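User: Hello! I am new to this structure and would like a close look at a single part of it, together with whatever surrounds that part.

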Amino acid sequence: MKNKLIKNSIEYTIEKHPKIKGLQIIKGKNNFPISWLNQQGYCEYSLYLQYFKGIKTAPTQAMIIGTAEHQKLEDKFKEDAVPTTFNEVLETSKEEAAISREMFVIAPSLGIRGFIDEIWMTPDEFVIIDDKPGRIPYPSTINQVLAYCLGFKNMLNDDKRKIKGALRERGTNNLFWIEEFDEDNENRINFLINRMQGLFEGSKPFIPTKNKNKCIKCRFQSYCEHF
Ligand code: SF4
């Protein structure tokens, strides 16, 4: 597969949400980073503390290691990556498979955006990969990759190639979870995205986790009234 570096081609007018840090308003709709779904699965209330209350904490060791490993993969990929556009690589990948990293996906109508760690675009299918530490497919990480699949699907016009979401053990080739982005998965992630929009609009409450083991490891515990 050829390495292709996709340049973002569509530009939107972006407004910052007046109260929620990191939330943008694009085409009149609240638009949040897909990575927030991972945090939502850990504990919804931590989203409230970080983005509504603006609480900042030092990055954890796992976060520091994750960022460094991510950068290493990115640098290696760029060594021989050829610049292209989204439309161009969609077309050429019908004949010749391509691989890209850090591809930006955005769906203003759904209110989501984010960067796909890696995508394989082959004549038969698209495989959207998120790199994670470890080998456990947590519901939160599955949700995250399903949202990338949904965002990506929204950027396609009439391309009917199959889309698959996958989780890979960071730094290895081990895809420890892979599933087709079918109707069930699409419904599942649409439901969750609607819930997220409800949190931002104030029609739904941020629910704290009941799992005290999560609280013990939580970087927000000293700010949290539920700890
Ligand atoms: S301490 Fe527990 S309830 Fe509070 S934000 Fe952290 S994980 Fe959630």
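Which residues are buried in H2? Please go on from there to what lies around them.

Analyst: A word on the model comes first. This is a predicted model, in which local features need pLDDT of at least 70 and side-chain atom pairs count only at pLDDT 80 or more, while totals for chains, interfaces and linings use all residues. Residues are numbered from 1 along each chain as its sequence is written, and side-chain values use heavy atoms, with hydrogens and water left out.

Now to your helix. In H2, the buried residues are Glu44, Tyr45, Ser46, Leu47, Leu49, Gln50 and Tyr51. Here, buried means under 20% relative accessible area, exposed means over 50%, and partly exposed is in between (1.4 Å probe, protein chains only). Helix H2 covers residues 44–52, and seven of its nine residues are buried, so the rest of the structure largely encloses it. Helices (H or I, at least four residues) and strands (E, at least two) are DSSP runs, numbered from the N terminus. Just after H2 comes Gly54, with a positive phi of about 70°.

What does the covering of H2 include? H1 and H6 are among the elements that cover its buried residues, where contact means heavy atoms within 4.5 Å. The structure holds 11 aromatic pairs.

Phe32 takes us to the strands, as Phe32 stands opposite Ile112 in S7. Strand S4 (residues 29–33) runs parallel to S7 (residues 112–121), and two bridges join them; two strands pair if DSSP finds at least two bridges between them. On another side of the pairing, S4 meets S3 (residues 24–26) in the antiparallel sense over three bridges, with Asn30 as the bridge partner of Ile25. S3 and S4 form a hairpin with two residues between them, and Lys27 in the turn has a positive phi of about 50°. Four of the five residues of S4 are buried, so this strand too is largely enclosed by the rest of the structure.

Finally, back to H6, which covers residues 183–201: its axis comes within 9 Å of that of H5 (residues 139–155), and the two cross at roughly 100°. Axes are lines fitted to C-alpha atoms, for helices over the stretch in contact, and angles run from 0 to 180 degrees between N-to-C directions. H5 and H6 are therefore roughly perpendicular, given that angles under 35 degrees count as roughly parallel, over 145 as roughly antiparallel, 65 to 115 as roughly perpendicular and the rest as oblique. Residues making this contact include Leu146 and Leu150 of H5 and Ile189 and Ile193 of H6.

Conventions: Phe/Tyr/Trp six-rings, centres within 6.5 Å; stacked < 30°, edge-to-face > 60°.
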